[in-house]
Amino acid sequence: DEQNIADSLMASYYGKNRIKQKLIDKKLDYSFLDEYIDLKEEKERCAHYYKIAIKKFASLTHNKKKDTIYRTLIYRGYDINVAKEVVRALFKDDGVNDSINLKKELVGVLNKGINKYDNQYEVKKYVIDTLRRKGYKYKN
């Protein structure tokens with residue numbers, strides 16, 4: 001019975017910690033779980049869910065996407081170290097999509113700033129602050 005529940009939760013891409021918690025909630029034995037789900041399988045399932053999540057959070061900026069996926073993996077019950085390892089291994093920092101999104105965002109924010117403020121300093125500050133809130137980084 002416990003293994004059937006664990007199998008159904010594994011099919012939903014839950015991590016070992018979440019499966020363990022569900023079994024505890026149902027007052028079922030979870031002692032078999034460490035042997036039943038090995039580290040390699042946990043990493044593979046985590047990596048597969050990562051690929052689903054990358055599509056789900058496609059509209060976010062590079063850093064926000066990476067952080068959100070990391071937090072989502074932990075929330076779904078994957079071990080912190082497994083989640084870190086998978087995100088680090090699979091999240092390639094190519095920045096191509098991020099720069100395209102940045103250009104689009106910049107044009108919109110810049111137009112709003114020009115309409116809203118009279119001097120160049122206030123426009124620059126508005127653009128930088130707005131883009132930072134959206135997850136982009138800025139270095140002087």
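Tyr-126 is buried in this predicted model, at a relative accessible area of 16%, where buried denotes under 20% relative accessible area, exposed over 50%, and partly exposed the range in between (1.4 Å probe, protein chains only). Tyr-117 is partly exposed, at 27%. Residues are numbered from 1 along each chain as its sequence is written, and side-chain values use heavy atoms, with hydrogens and water left out. Because the model is predicted, local features need pLDDT of at least 70 and side-chain atom pairs count only at pLDDT 80 or more, whereas totals for chains, interfaces and linings use all residues.

A search of the whole structure finds 2 aromatic pairs. Rings of Phe, Tyr and Trp (its six-membered ring) pair if their centres lie within 6.5 Å; planes under 30 degrees apart count as stacked, over 60 as edge-to-face and the rest as tilted. Phe-32 and Tyr-36 are edge-to-face, with 5.6 Å between centres and 70° between planes. Of these two residues, Phe-32 is buried at 16% relative accessibility, and Tyr-36 is partly exposed at 28%. The rings of Tyr-117 and Tyr-126 have centres 5.7 Å apart and planes at 55°, so this pair is tilted.

Helix α5 covers residues 62-75 and includes Thr-72; helices here are DSSP runs (H or I, at least four residues), and strands are runs of E of at least two, numbered from the N terminus. The 14 residues of α5 reach 20 Å from first C-alpha to last, close to the 20 Å expected at 1.5 Å a residue, the expected span being 1.5 Å times one less than the number of residues. Buried positions in α5 are His-62, Lys-65, Thr-68, Ile-69, Thr-72 and Leu-73. Seen down the helix axis, the buried residues of α5 fall within an arc of 135°, so they line one face; the arc is that of the directions from the axis to the C-beta atoms. The face turned away from the buried side carries the exposed residues Arg-71 and Tyr-75.

Thr-72 has a relative accessibility of 15% and therefore counts as buried. Apart from neighbours within four places in sequence, Thr-72 contacts Tyr-49 and Phe-57 (heavy atoms within 4.5 Å). Tyr-49 also has Arg-76 over its face, at 4.4 Å from the ring centre. Arg-76 likewise lies over the face of Tyr-14, at 4.4 Å from the ring centre; the criterion is NZ of Lys or CZ of Arg within 6 Å of the ring centre and within 35 degrees of the ring normal. Gly-77, which follows α5, has a positive phi near 100°.
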